[in-house]
Protein chains: 2
Amino acid sequence: MPSAAAKSLAKLMRDLDFCMLTTRRTDGTLHARPMSNNREVEFDGDVWFFTASDSNKVREIEADPRVSLSFADPGNWTWISLTGRASVIHDEDRKRELWLAELERWFDGGPESPQIALIRISAGHAEYWNGEEGGEVDFSRE
Amino acid sequence: MPSAAAKSLAKLMRDLDFCMLTTRRTDGTLHARPMSNNREVEFDGDVWFFTASDSNKVREIEADPRVSLSFADPGNWTWISLTGRASVIHDEDRKRELWLAELERWFDGGPESPQIALIRISAGHAEYWNGEEGGEVDFSRE
């Protein structure tokens, strides 16, 4: 059974499409860029993104998988900070399952292309703020 | 003379009050939380925030000053990622200069209180996305 905080978090994430994915460059500095999860995935502790296989983020994740995701909807006083481990997934079935036609705007080739990979972020810990409310989720206990 | 990209960045930042500040915990995992800069500061490469002197973020910055800031306004397709070095500033004159009455909501005591400090983030590099536009700013060259 998910905790009350985990349920609140999943509910907030349902409405948030974009986030910033922060990785580490090899020189130790942090590096963030906007990512979209296309609101297609019911959040269960894993967040999935498509990426170009040869992107900086793939290189940075392979060098250090400890990443964070920041979701922000300031108009609704909602913020989520999620810390986790990222992995780069090349599985064609999984890519086909998560592929959406609108992704063709961002990526040349379909889910079969080796130039396109998935990033899976397995959440370790999350914190959320929603108006005067807020909470923390420790995924090792969920 | 600021570059065209630096001018675009400063213009975008003027409308963005909140951001997520990402620091590193001592175990190496990343840690982000929302921060407000109260829209009071014309961005010139430094971003200022008030903080409680004994907060986790102060401890994390003192252990590793390499931080990032993520600004997001998905409704306007605007994102900013800023990487820089943070320092904790206790200067009372500077605190008085940047203090706003509305901060009393968040902090007990005024700018004279040693329990309240400033965090200054000196930008090293920034990247921004605004609709189909975007750019990068290297502050060592500005």
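How does the radius of gyration of chain A, with 142 residues, sit against that of a compact globule? For 142 residues a compact globule would come near 14 Å, and chain A has 15 Å, which agrees. The radius is taken over C-alpha atoms, and the globule rule is 2.2 Å times the number of residues to the power 0.38.

Before going on, the provenance. This is a predicted model, in which local features need pLDDT of at least 70, side-chain atom pairs count only at pLDDT 80 or more, and totals for chains, interfaces and linings use all residues. Residues are numbered from 1 along each chain as its sequence is written, and chains are lettered from A and ligands numbered from 1 in the order in which they are written.

Chain A to begin with. Its C-alpha atoms fill a box of roughly 45 × 35 × 30 Å along the principal axes. The secondary structure comes to 3 helices and 7 strands, where helices (H or I, at least four residues) and strands (E, at least two) are DSSP runs numbered from the N terminus. In sequence order the pattern is α-β-β-β-α-β-β-α-β-β.

On contacts: two residues are in contact if their C-beta atoms, placed from the backbone, lie within 7 Å. Taking contacts in chain A between residues at least 6 apart in sequence, 63% join residues at least 24 apart. On burial: a residue is buried if 20 or more other C-beta atoms lie within 10 Å of its own, exposed if 12 or fewer, and partly exposed in between, again with C-beta atoms placed from the backbone. Buried residues are 31% of the 142 in chain A.

Now helix 1 of chain A, residues 4-14. Its buried residues are A:Ala6, A:Leu9, A:Leu12 and A:Met13. The face turned away from the buried side carries the exposed residues A:Ala4, A:Lys11 and A:Arg14. Cover for the buried residues of this helix includes strand 4, strand 5, strand 6 (116-130) and strand 7 (133-138) of chain A.

In chain B, B:Ala5 is in helix 1, residues 4-14. With 18 other C-beta atoms within 10 Å, B:Ala5 is partly exposed. Leaving out residues up to four places away in sequence, B:Ala5 touches B:Gly135, B:Glu136 and B:Val137. B:Ala5 and B:Glu127 are 122 residues apart in sequence and 9.2 Å apart in space, C-alpha to C-alpha.

Helix 2 of chain B, residues 56-63, has B:Lys57, B:Glu60 and B:Ile61 buried. These fall within an arc of 100° seen down the axis, so they line one face of the helix. On the other side, B:Glu62 and B:Ala63 are exposed.

Next, the core. A nonpolar core here is a set of buried Ala, Val, Leu, Ile, Met, Phe, Trp, Tyr and Cys residues joined through C-beta atoms within 7 Å. The largest has 61 residues, and those touching the most other members are A:Leu9, A:Phe71, A:Ile80, B:Leu9, B:Phe71 and B:Ile80. Setting aside neighbours within four places in sequence, the contacts of B:Ile80 are B:Leu9, B:Leu12, B:Met13, B:Leu16, B:Phe71, B:Ala126 and B:Tyr128.

One backbone point. A:Trp77 has a positive phi of about 50° although it is not a glycine. A:Trp77 lies in the loop between strand 4 and strand 5 of chain A and is partly exposed, with 13 other C-beta atoms within 10 Å. B:Trp77 likewise has a positive phi, near 50°.

Last, the interface. The contact takes 21 residues from chain A and 21 residues from chain B. On the chain A side, strand 1 (18-24), strand 2 (30-36), strand 4 (66-73) and strand 5 (78-89) each supply at least two residues.

Note on methods:
The arc is that of the directions from the helix axis to the C-beta atoms.
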